[in-house]
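Please look first at the sequence and the structure shown here. The paragraphs that follow lead through the structure step by step.

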Amino acid sequence: RPGRLPWLFVDEAHVAVDGVAGTALRTLLTRGRAPGVSLVLATQRLSALPAVAASQADLLLAHRLTSEADIEALAAASPTYLSGTLEDRLPSGRGEALVVDDATESTHAIRVRDRHTPHGGDTPRASEVAGGGSADVRRENDRWERSKGGP
């Protein structure tokens, strides 16, 4: 047995399980504990994952869900020790999440701290690259910044 147990992190997991990695990921979901492999799947589309993904999860972290299909997929994974439904406990605020911990058979409402970045969370634009783009683009960017309360 290795000194450190492996962790596999898969972002946009709904794409990976439908692709070439699908068979291997399904095997890890159902038999990964035996060899000690930990699998972390991150997705914005829970309903696109196989049902076994949520049902086998020891720890489930759910931010606000807006798709009915995703809410139904979460409800299908609702643990028996939970009074009420997961749907009723889903967070609605920005940065809030629901944690379902099978190890302790408990749920917790949490708030993720605000992320502070140099760009403030905005999406970069090609017009902001050195040289700045055309005057029309700069004027439109300035108008957009003012509408947000910027400089």
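Leaving aside its neighbours within four places in sequence, S106 is in contact with Y81, V99, V100 and D101. These contacts belong to a predicted model. The serine S106 lies in strand β5. Is S106 buried or exposed? Its relative accessible area is 18%, and a residue counts as buried under 20%, so S106 is buried. The side chain of S106 also makes a polar contact of 2.6 Å with the side chain of T104.

The strand that holds S106 leads on to its partner. Strand β5, residues 106-111, pairs with β4 in the antiparallel sense, and six bridges join the two. Together β4 and β5 form a hairpin, with four residues between the strands. In the turn, E105 has a positive phi of about 50°.

An open sheet of three strands runs in the order β3-β4-β5, and its pairing is antiparallel. Strands of a sheet pair through backbone hydrogen bonds, either parallel or antiparallel.

The largest nonpolar core has 20 residues, and L49, L74 and L86 have the most contacts inside it. At least two residues of this core come from each of α1 (13-18), α2 (22-31), α3 (51-55), β3 (59-62), α4 (68-76) and β4 (96-101). Helix α1 gives the most, with three residues. As for L74, residues up to four places away in sequence are not counted, and L74 touches L46, L60, A62, L65, L86 and L90.

Finally, the aromatic rings deserve attention. The structure holds one aromatic pair. The rings of W7 and F9 have centres 5.9 Å apart and planes at 20°, so this pair is stacked; planes under 30 degrees apart count as such. Are these two residues buried or exposed? W7 has 55% relative accessibility and counts as exposed. F9 is exposed as well, with a relative accessible area of 59%.

Key. Residues numbered from 1 in each chain as written. Predicted model: local features only at pLDDT ≥ 70, side-chain atom pairs only at ≥ 80, totals over all residues. Heavy atoms only, no water. Phe/Tyr/Trp six-rings, centres within 6.5 Å; stacked < 30°, edge-to-face > 60°. Buried < 20%, exposed > 50% of the residue type's maximum accessible area, 1.4 Å probe, protein only. Core = buried A, V, L, I, M, F, W, Y, C linked by side-chain atoms within 4.5 Å. Contact = heavy atoms within 4.5 Å. Pairing = 2+ DSSP bridges. Polar contact = N/O pair within 3.5 Å; in protein donor to acceptor, adjacent residues only side chain to side chain.
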